[in-house]
Structures are given as C-alpha cells and as structure tokens.
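Welcome! Please take a moment to look over the sequence and the model below, and then read on for a short tour.

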Amino acid sequence: SLIVFMMSGMASTGMNTGLVLLINLVFPVKENILPAFNLVLLISVIWFFISYRIAVKVYRERDIT
C-alpha cells in the first residue's frame, strides 16, 4: 500500500506539472501565475467530481459482501 501511495503522489504531481505546461502553451505562466494556478485548481476540482461520480457508480453496481 505504501508503494501505491507513493505512486499516486508522483502521478498527481506529474498531472499538475503537465497541466501547467499545457497552460503555458496558451499564455505565459510566469507573467500570469495566479490565473494559471486558478485554472489548474479549477480543472483539478472538476476532475475530482467526475472521478467521484464514476467511483460511486462503479461501487454501487458491485456486490460488496
């Protein structure tokens, strides 16, 4: 479980870095740091709610006994 925890930390860091680099293609992040990170936060929150809804749907269909 410790390995999975470390891998998920690295994966989330990599996804956030990728989002910042992707946003950097649209407008320079260095000059607009606050709007860029607000955009990353917004995308992360939206993705969290989407993944939550998917997880709830999957676990409702499984028989957990």
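## Overall form

The protein has a radius of gyration of 16 Å, whereas a compact globule of 65 residues would have one near 11 Å. This radius is taken over C-alpha atoms, and the globule rule is 2.2 Å times the number of residues to the power 0.38. Along its principal axes, the C-alpha trace spans about 55 × 25 × 15 Å. The secondary structure comes to 2 helices and 0 strands; these are DSSP runs numbered from the N terminus, with helices being H or I of at least four residues and strands being E of at least two.

A word on the background: this is a predicted model, in which local features need pLDDT of at least 70 and side-chain atom pairs count only at pLDDT 80 or more, while totals for chains, interfaces and linings use all residues. Residues are numbered from 1 along each chain as its sequence is written, and side-chain values use heavy atoms, with hydrogens and water left out.

## Surface and burial

Of the 65 residues, 8% count as buried (under 20% relative accessible area; exposed is over 50% and partly exposed in between, with a 1.4 Å probe and protein chains only). The accessible surface comes to about 6,000 Å², and 72% of that belongs to carbon and sulfur atoms. Such areas come from the Shrake-Rupley method with a 1.4 Å probe; for residues, only the protein chains shown count as cover.

## A look at L39

L39 lies in helix α2. With 31% relative accessibility, L39 counts as partly exposed. Its C-alpha atom is 13 Å from that of T17, which is 22 residues away along the chain.

## The aromatic cluster

F48, F49 and Y52 come together as one aromatic cluster. The structure holds 2 aromatic pairs. The ring centres of F48 and F49 are 5.5 Å apart and their planes meet at 70°, so this pair is edge-to-face. F48 also pairs with Y52 in a stacked arrangement, with 6.5 Å centre to centre and 25° between the planes. For these labels, rings of Phe, Tyr and Trp (its six-membered ring) pair if their centres lie within 6.5 Å; planes under 30 degrees apart count as stacked, over 60 as edge-to-face and the rest as tilted.

How are F48 and Y52 placed in helix α2? They are 4 residues apart in this helix, which covers residues 33–61, so about one helical turn separates them. Y52 has 48% relative accessibility and therefore counts as partly exposed.
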